[in-house]
Amino acid sequence: MSDRSKSDGDRTQAPLGRRPAEVVANQASGGYRIVSGLDRLGPDPQAGQFYMLASERGWGEGAARPYLPRAFSVAGAERGAAGAEGVRLDFLLEDVGPGTGRLARLEPGERLLLTGPLGRPFSTPREVDPEAAGAILIGGGIGIAPLAVLRDALAAAGVPTRTLLGFRDEAHTGGIELFRCSEVGLASEDGHVGHRGYVTDLLAQVLEGDQAGTAVVYSCGPPAMLEAVRGLCAARGIACELAMESPMACGFGACFGCAVPLAAGGYIRLCVDGPVVRGDRLETALVAGAGHR
Ligand SMILES: Cc1cc2nc3c(=O)[nH]c(=O)nc-3n(C[C@H](O)[C@H](O)[C@H](O)COP(=O)(O)OP(=O)(O)OC[C@H]3O[C@@H](n4cnc5c(N)ncnc54)[C@H](O)[C@@H]3O)c2cc1C
Ligand code: FES
């Protein structure tokens, strides 16, 4: 198994400074919202990268919250969508506080202020393991966002991919349509959709299958889920990459607010050394306060 993951040279770098992007859509998706902005000036993001977002209006006014921009994984990216110049960026949002609440109320024609794409993206299966023949994606709740754009990239590269998505209950379910494929394994804790129980139950079943040993597992979701994924993969010697969403104040390495411990000692800052991290590098994926339930 290779220890290679995306290096600084491999990742898409953000242009300096914040830039405006026109909101072109804001639609409900189950209990979440999909907010889309047209980024005329930025590069195409890679799957697993994120943006720091704020609204041009109604943000930090009178020093009220929200003040700092908030971090969001890119859930979809399409250059030249509907003939427009630039990249249409889709973000899947859960309204949990003042920042996400303001973004969830954006109307078409308003402007987002964005910095990005930031962070280390997902690696290809072959970059993680030269023998890898496929990919297994496992997402939980709002953490399914970066897996949608990863699935698009893997499909374009012809990589066989299994997708497993889990949700807590109906109010915390959405974004499934971002996965433009029919074969998605679903689980919910309340049983309203798919298997009643955790999505990691489905992963355990898939990992018992014949081909699982040659797949790389990619995951994003609440810390308890990521830790379960890390444990299941470690027990079977299967490589995994985890996208971790600890709270971020700056998003570009300055504040050290996103540091997590490594198994070999020391720390990484998730905004510059992550958010995508190889599972075997981590001491634990149970980072206090990180990831929605
Ligand atoms: C790399 C990255 C990618 C992310 N991608 C998405 C995404 O695609 N969609 C999405 O809806 N959210 C995403 N988040 C989380 C999002 O940034 C937070 O939900 C947001 O900052 C909350 O801001 P707020 O002002 O609405 O709420 P706050 O008032 O800041 O917080 C409200 C509640 O959420 C908790 N919270 C705040 N920030 C986080 C966080 N980062 N992780 C977990 N809990 C938090 C707080 O403890 C509090 O209970 C991502 C975070 C990171 C770091
Ligand atoms: S968010 Fe500031 S260093 Fe990572």
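Which domains does the shell around ligand 1 draw at least three residues from? Domain 1 (8-118) and domain 2 (125-281) each give at least three residues to that shell; the domain bounds come from an automatic or database domain assignment.

This is a predicted model, in which local features need pLDDT of at least 70, side-chain atom pairs count only at pLDDT 80 or more, and totals for chains, interfaces and linings use all residues. Residues are numbered from 1 along each chain as its sequence is written, chains are lettered from A and ligands numbered from 1 in the order in which they are written, and side-chain values use heavy atoms, with hydrogens and water left out.

**Ligand site**

Ligand 1 is surrounded by 24 residues, a residue being near a molecule if one of its heavy atoms lies within 4 Å of it. The closest are Arg 70, Ala 71, Leu 92, Gly 99 and Thr 100. By class, the shell holds 12 nonpolar, eight polar and four charged residues. Here Ala, Val, Leu, Ile, Met, Phe, Trp, Tyr, Cys and Pro count as nonpolar, Asp, Glu, Lys and Arg as charged, and the others, Gly among them, as polar.

| Residue (backbone atom) | Ligand 1 atom | Distance |
|---|---|---|
| Leu 92 | nitrogen | 2.7 Å |
| Gly 97 | oxygen | 3.2 Å |
| Gly 99 | oxygen | 2.7 Å |

On its own, ligand 1 has 870 Å² of accessible area, of which the protein covers 81%; accessible areas come from the Shrake-Rupley method with a 1.4 Å probe. Two or more residues of the shell come from each of strand S4 (70-73), strand S6 (87-93) and helix H1 (98-104). S4 gives the largest share, four residues. Helices (H or I, at least four residues) and strands (E, at least two) are DSSP runs, numbered from the N terminus.

**Strand S6 and its partners**

Six of the seven residues of S6 are buried, so this strand is largely enclosed by the rest of the structure; buried means under 20% relative accessible area (1.4 Å probe, protein chains only). S6 pairs in the antiparallel sense with strand S2 (residues 32-39) over seven bridges, where two strands pair if DSSP finds at least two bridges between them. Asp 39 has Val 87 as its bridge partner in S6. Strand S5 (residues 76-79) is also antiparallel to S6, over four bridges, and Glu 78 is bridged to Arg 88 in S6.

**The seven-stranded sheet**

An open sheet with mixed pairing has seven strands in the order S11-S10-S9-S8-S12-S13-S16. Strand S11 (195-196) and strand S16 (276-278) are its edges, each pairing on one side only.

S12 (residues 215-220) has six of its six residues buried, so S12 is largely enclosed by the rest of the structure. In a regular strand the side chains alternate between the two faces of the sheet. In S12, Ala 215, Val 217 and Ser 219 point one way, while Val 216, Tyr 218 and Cys 220 point the other way.

S12 pairs in the parallel sense with strand S8 (residues 134-140) over six bridges, and Gly 139 stands opposite Cys 220. The pairing of S12 with strand S13 (residues 240-243) is parallel as well, over four bridges. Val 217 has Cys 240 as its bridge partner in S13, and Ser 219 has Leu 242.

Key:
Polar contact = N/O pair within 3.5 Å; in protein donor to acceptor, adjacent residues only side chain to side chain. Buried < 20%, exposed > 50% of the residue type's maximum accessible area, 1.4 Å probe, protein only.
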